[in-house]
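Here are a few friendly notes to read beside the structure. Take them one at a time, with the model open.

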Amino acid sequence: MSTETAAILDKVSYLYPRSEKPALSDISLEIRKGEFLGLIGPTGAGKTTLCLVFNGIVPQFQGGRFFGRAIVAGLDTLEHPISKLARHVGVVFQDPETQLIATSVENEIAFALENLSVPRDEIRKRIPQVLAAVRLDGTEHKHPHELSGGQKQRLALAAALAVQPDLLILDEPTSQLDPVGAAEVFTTVRELNKELGITIVMASHAAEEMAEHADRIALMYEGRILALDTPDAIYSRIHLLYEHDLRPPQVSETFHLIDTVMDKHYGHINSPPVRLSEGIPLLDTLSKRCEIVPPNHTIFPLHPGREPALSVKGLTYTYPDGTQALRDVSFDICKGEYVLIIGQNGAGKSTLVKHFLKLLKPTEGTVLVEGISTEAFSTSDLAQRIGYIAQNPDTQIFSTTVQEEVSFALHNLGYSAEEIEARTAESLKEMGLLEVQGAHPLSLSKSDRARVVIAAVLAMKPEIIIFDEPTTGQDFRGARSILEISRTLHRLGKTVLVITHHLYLMPEYAERVIVMGKGTILLDAPIREAFHEVDLLRSTFLMPPQAVMLARQLDHKNEQNWKLLTPQEIAHCFNDPACREKDAV
Amino acid sequence: MKGANTLKYQTVERNSIVVRLDFRSKLLIIVVISFIAFVWESPIALAGLALLVVAACRLSGVRPGYIRFVVKMMIPFYLVLVITHGFWNIEQVKSLTGKAVLTPLFTFPSSFWLVGGASLSLEGFLYGLSVIFKTLVFVMVFPLAIFTTEVDNMIVSLVRLHIPYKFTFIFSSALRFFPLLFEEMQAIIEAQRLRGLAVEKMGPFQRARHYARAVVPLILSAMTRSQQLEIALQSKAFTGSSKRTYLHEISLHRSDYLVMGLCILFLGMALVLYFSFGVGKYGWLL
């Protein structure tokens, strides 16, 4: 191992105990000192397992069968105990809650150092240093519970940094965070890498950020590394990404599509850009060179005149501790609409939704469901009208088989045995769960568990369905499959509300967007309008999708106001049939 | 989030003499006061002791809301104590008072089913009261010591008392994760209500059965969490060994020695007075 190498894996294969299928297969990888290596791959590709190889948890703690060699900071991970490897490898995990152990910020940072018997004076010296590095200065005596999600993950980073590791491993550190939190963590990690030269290995689904920050990217699938290259090389292989259920950054996708439809006499886009900063000048060049076809989309009007399904009038809610979570909020959602609600954590989205279900009662104002005040209903009455699917499927599963789970509500609501059987079967069929109806829900994958919860809610045949952050913690395929369900329900005439931070997923689905901030409605508009209110979105720390930023540039250059939303729509503008005909002649 | 904040570990915010004391001094206070409460039988002496402990809690900043909550929670238990001791604990009360006949306050007519002829005695009633004060002392002396101490100091103190670090760690992580479990329990119950479970229309037994059902997903998720926690701990070089350094220093100050001295003096005096002069025995001042 040269002095320029932080870690080296040599033909590593690994099987978890009682497993026949390798979680890692024949992985050889050299991590250079000071580099930022990104790991991408769908859920189950082996990213987490690979992360745990570096500090010896795999296989020392997990057991199972391990082949090959892993050398980290010159130490063979099979020959040195985890507690010794911990001096050289810091790890930050996905869930902010289960990795913060201590009851104050300073104790959290001190914890690993105390375990490593670092003298007290040295610990005292390092605490302010690492807190400054993650910009949490002055929080020494706070309880982790008092920190926001992004702050918790930065604290986990600070604690990992405090041991002055040779290698910092981050396993999907932003997947549970809102956009502000995720941006905080990415910025901090980049600073640590660029300014302090810390070697980083990060697994993440955030394609745009990975393209921006990583030096190299390893694409994993079924335990193997299929490709290892620069972000530019990886993210320009669009087909490779699609084949493995991965999402390219929208910039790459846009230029890939433009290249496919654009007339060949304009030339080829040899290496599509993967970062917005490179995409914008290229778009300018192309739009000067090519004929731009106006789009054929229309802005769908919202549904004036239709009966409201949900109405909120002058709603104010103050928590018992005095926090005002909603301030004089009023709007109607009409029957059959598909509405997207966005905003930071703490903007009041969940508080608002809880009022529809009478899980909270208004401090002031009224909430009407199908024209009737919620005061007239109990929560269980409302549950039959409004299906609410919360973020974490695991707190919504109480039964030992999928079939029982789906019929749970029907028993509570006192339906006849025949009706229960019929509705359960129908719901199971709709969600494609018939084959697993006898299985324990927790034996299924996370995206299938989410389907079980959706089936259980749909069995009540609600007319309004609310998805609360359905895409958080799901990979691209899982997120898409849930959103496809929402689309099917919408086409069946149901009213659909979705809360999500993943704006780029939504143009294909939502019609209307409600932007919330600090307990008020900042904007309520059709999605095409709303996503182009870039300054307003930014003011509440929401990042518009890259395609929107490219579309703005296109509008600006062509002095138009098309307000395109997706890579497909942008690419369409470069598909000039007249031009092609001319060529044919 | 909101729900968990209300149930957050209740350290006091006020800086008082009790807060500044070392945890070991406070442990001694717990031991001495509990021991005396255990020995005494006098309702008057125990009432005095209970009052003293509650006053100390208030002075050291334990929230009055918490004290009210504890007392309220214990009310059914108190009723049971007064009734069982008042009506049926005849033999023990007779031997304590040395009386052959107890003073009846109220007697059920003999025609009543099951309780007919049972009589509430003054002595039994007073004994019931003494047990209530005794439990109140036990219940309130713990928050006096625990809520007034930072977890770090508790851990270091326990380690100094040669309790293995592994055990003190379990204790502190329980404090850390309790609000999380509570939050999750809330989410599960909420999810059940959203599947048509009309908790508000249920009797207490049905309700208890449904809460019990919520425990299954709670335990399953706690198991997943504990696996993740274990991995996080190992990654932070945790081995459970007591051979480690501690960020926080603790030392005994003059006030600690003073309090410990007073505790021992109080214990000695209480024992001498009890055995020689009957102070704190059942019949004292009655």
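1. Let us begin with a helix pair. In chain A, the axes of helix α13 (residues 276-289) and helix α22 (residues 546-558) come within 10 Å and cross at roughly 35 degrees. Axes are lines fitted to C-alpha atoms, for helices over the stretch in contact, with angles from 0 to 180 degrees between N-to-C directions. Helices are DSSP runs (H or I, at least four residues), numbered from the N terminus.

2. This is a predicted model, where local features need pLDDT of at least 70 and side-chain atom pairs count only at pLDDT 80 or more, while totals for chains, interfaces and linings use all residues. Residues are numbered from 1 along each chain as its sequence is written, and chains are lettered from A in the order in which they are written.

3. Which residues meet? From α13(A) they include Leu276(A), Ile280(A) and Leu283(A), and from α22(A) they include Met549(A), Leu550(A) and Leu554(A). Contact means that C-beta atoms, placed from the backbone, lie within 7 Å. By class, this contact has six nonpolar, five polar and two charged residues. Ala, Val, Leu, Ile, Met, Phe, Trp, Tyr, Cys and Pro count as nonpolar, Asp, Glu, Lys and Arg as charged, and the others, Gly among them, as polar.

4. Now look between the chains: 48 residues of chain B are in contact with 52 residues of chain A. On the chain B side, α10(B) gives the most, with 14 residues. That side divides into 23 nonpolar, eleven polar and 14 charged residues.

5. Finally, chain A is divided into domain 1 (5-243), domain 2 (250-297 + 547-584) and domain 3 (308-530), with bounds from an automatic or database domain assignment. Ten residues of domain 1 of chain A are in contact with ten of domain 3 of chain A.

Technical notes
Helices (H or I, at least four residues) and strands (E, at least two) are DSSP runs, numbered from the N terminus. Two residues are in contact if their C-beta atoms, placed from the backbone, lie within 7 Å.
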